Amino acid sequence: MSDQQVVKKFVPCIYLHQGKAVDGLRHERIVEEDPLTLVQRYNECGADELIVFDLSRGDAEHEAALDVLKEICALAEMDVFGAGNIKRMEDVKKLLYAGCSRAVLNYDPEGNVGITEEVSLKFGKEKIMASVTDPGSVDDNRELAEKYLSGLILMDEAKAGQLGSVQTALPWYLNLEQSSELQMMDTLADTDRICGVTGNFVNDHYAKIYEWKKVLLSRGVSVQTLEAALKWSELKKNSDGMVPVIVQDYRTSEVLMLAYMNEESYEKTLLTGKMTYYSRSRQELWLKGETSGHYQYVKSLTADCDKDTILAKVSQVGAACHTGARSCFFREIAHKEYEQVDNPLSVFTDVFNVIKDRKLHPKEGSYTNYLFDKGIDKILKKLGEEATEIVIAAKNPNPNEIKYEISDFLYHMMVLMAEKNISWEDIMTELANR
């Protein structure tokens, strides 16, 4: 494998202790009261992945840490690796269900080596990694590691020189604490054993990630960027030399806005993963969200059949429109009544919004408000009754009865969701992570 074939990644980490981000595994100093603040910073700086070390002690603290981890995964625009507090399969399952793309076993305690095969077969090799202090310990378990792991993290940077003697083709992430920029760049450029760097050195210099990527690219080293199947020259430009871009929410397919790209904004979007346009009125590049914080993180870019328009599916932070509206398309010109059945999520969202509005603005005679007034026990009782009705209806020959009962059940379930402050997005994200 050549150096240029190995994609190099910059991976900050969060050491999570008692709900706060601390400065390392010994958690001696709090670096951020709210870890989500760090996640937002790492989103904006172009971090490729994120490692979260759970340093909690005791079951109650661990469960609280998992709740914070769920929020981190929901906010992160990159894959999150969960590490720490893994002793059995159930611990791996909780990390993956929290939204982590991979769980990191600590290979220093001998017991964690023993669950490697079990968790890898259960959840898939691509979801399991391991961290080690001594790279030699991997040689002791080489066959197991190569068969059941997708990668390794070397926690002690002083032992990076030993990696060349370790007989495994698995990719390594190197934890850096006392490095320098020059040492880091040389390490990433000169070896194909290391696919990424993490640790406090990356945390302390996260704002330089784009700069580091540019330096590595200039040295012919592959870094994590969006791979474009079409060069700018292959797109058909309008009379101004630009290409219009239609922007959609990647979750709901809602059309958010229309903007334009020139070659420079196109290339910058690919490098940073954040939508960058060309402002025709200001005659300059326009990074969406640079002043408002309402960034658009790219999920996909697709050209139409004539290659003269781009469809961008994005993760939208806040509002897309400068007026503060979610979408720029809100001025209705004409409207005809119709049943919207093509997008189930839109239907669920619309009904759920009505239920939430009833909770905030009670309406006399509303059955929904009756349920909220009676409280959680009444809601749960009705939910149980409707579940039973589904079972009874399923035994009858008329399929319409099942349809009616499932609809009743879903309505009462949404009342429960509103009562417990759970959104459809929470549910969809949970299902997608399973």
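## The second largest pocket

The second largest pocket holds about 620 Å³ of space. A pocket here is an open set of points on a 1 Å grid over the protein atoms alone, where a 1.4 Å probe fits, with protein on both sides within 12 Å along at least five of seven lines. The volume is the space filled by probe spheres set on the points. This is a predicted model, in which local features need pLDDT of at least 70 and side-chain atom pairs count only at pLDDT 80 or more, while totals for chains, interfaces and linings use all residues. Residues are numbered from 1 along each chain as its sequence is written, and side-chain values use heavy atoms, with hydrogens and water left out.

The lining of this pocket comprises 23 residues, each with an atom within 4 Å of a point. Met257, Arg282, Trp286, Lys288 and His322 lie nearest the pocket centre. Strands S13 (255–261), S14 (276–279) and S15 (284–287) are the elements that give two or more residues to the lining; strands (E, at least two residues) and helices (H or I, at least four) are DSSP runs numbered from the N terminus. S13 supplies the largest share, four residues. By class, the lining has 12 nonpolar, seven polar and four charged residues. Ala, Val, Leu, Ile, Met, Phe, Trp, Tyr, Cys and Pro count as nonpolar, Asp, Glu, Lys and Arg as charged, and the others, Gly among them, as polar.

## Salt bridges

Side chains of opposite charge can pair when their charged atoms come close. With a salt bridge defined as a side-chain nitrogen of Lys or Arg within 4 Å of a carboxyl oxygen of Asp or Glu, the count comes to 18. One network of salt bridges links Lys381, Lys382 and Glu385.

In helix H3 (residues 89–97), glutamate 90 and lysine 93 are three residues apart, about one turn of the helix. Their closest N and O atoms are 3.4 Å apart in a salt bridge. Glutamate 90 is partly exposed at 29% relative accessibility, and lysine 93 is partly exposed at 27%; buried means under 20% relative accessible area, exposed over 50%, and partly exposed in between (1.4 Å probe, protein chains only).

## A pair from distant parts of the chain

Arginine 326 and aspartate 249 form a salt bridge of 2.4 Å, N to O. The pair links distant parts of the chain, 77 residues apart: arginine 326 lies in the loop between strand S17 (310–316) and helix H12 (344–360), and aspartate 249 in strand S12 (residues 243–249). Arginine 326 is partly exposed at 33%, whereas aspartate 249 is buried at 5%.
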